[in-house]
Amino acid sequence: MLADGKVDPGSVVSVFITASADELYDRLCKRGTETQEQIQKRLRTAIEESYHLSSYTYVITNSVLSETVNDLQK
């Protein structure tokens, strides 16, 4: 990060976009594109990944799409 708060173009920045497990489950079920087994696997993976949030430079909670996009652009 540069002194003015901007990201150095040569640096590596990690961004983790997340939703609660309940929200993720609801979204996956509503899509209807995956089996219950696949949904459970994705939930387990998301929960495992959430244990490492402190490793990311930025964490954005994905709840309202327009707000999520705005946060990501910042």
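Student: Is arginine 42 buried, partly exposed or exposed?

Tutor: This is a predicted model. Arginine 42 has a relative accessibility of 37% and therefore counts as partly exposed, since that class lies between 20% and 50%.

Student: Which residue forms a salt bridge with arginine 42?

Tutor: As a general idea, side chains of opposite charge can pair when their charged atoms come close. Here the partner of arginine 42 is glutamate 34, and the closest N and O atoms are 3.0 Å apart. Glutamate 34 is also partly exposed, at 22% relative accessibility.

Student: How many salt bridges does a search of the whole structure find?

Tutor: The search finds two.

Student: Let us turn to threonine 68. Is threonine 68 buried or exposed?

Tutor: Threonine 68 is placed in helix α3, which covers residues 65–73. Its relative accessibility is 7%, so threonine 68 counts as buried; the cut-off for that class is under 20%.

Student: Which side chain makes a polar contact with threonine 68?

Tutor: The side chain of asparagine 62 does, at 3.1 Å. When neighbours within four places in sequence are set aside, the contacts of threonine 68 are Ile17, Ile60, Thr61, Asn62 and Ser63.

Student: Which residues lie nearest the centre of the largest pocket?

Tutor: They are Ile17, Thr18, Ala19, Leu24 and Ala46, out of 17 lining residues. The space within the largest pocket is about 370 Å³.

Student: Which element supplies the largest share of the lining of the largest pocket?

Tutor: Helix α2 does, with seven residues. At least two lining residues come from each of β1 (15–18), α1 (21–31) and α2 (36–50).

Student: How do the residues of this lining divide into nonpolar, polar and charged?

Tutor: In the lining of the largest pocket, eight residues are nonpolar, five are polar and four are charged.

Technical notes. Residues are numbered from 1 along each chain as its sequence is written. This is a predicted model: local features need pLDDT of at least 70, side-chain atom pairs count only at pLDDT 80 or more; totals for chains, interfaces and linings use all residues. Side-chain values use heavy atoms; hydrogens and water are left out. On a 1 Å grid over the protein atoms alone, a cavity is a set of points where a 1.4 Å probe fits but cannot get out, and a pocket is an open set with protein on both sides within 12 Å along at least five of seven lines; lining residues have an atom within 4 Å of a point. Grid points are joined across faces, edges and corners, and a volume is the space filled by probe spheres set on the points. Helices (H or I, at least four residues) and strands (E, at least two) are DSSP runs, numbered from the N terminus. Ala, Val, Leu, Ile, Met, Phe, Trp, Tyr, Cys and Pro count as nonpolar, Asp, Glu, Lys and Arg as charged, and the others, Gly among them, as polar. A salt bridge is a side-chain nitrogen of Lys or Arg within 4 Å of a carboxyl oxygen of Asp or Glu. Buried means under 20% relative accessible area, exposed over 50%, partly exposed in between (1.4 Å probe, protein chains only). A polar contact is a pair of N or O atoms within 3.5 Å; within protein, one must be able to donate a hydrogen and the other to accept it, and residues adjacent in sequence count only if both atoms are side-chain atoms. Contact means heavy atoms within 4.5 Å.
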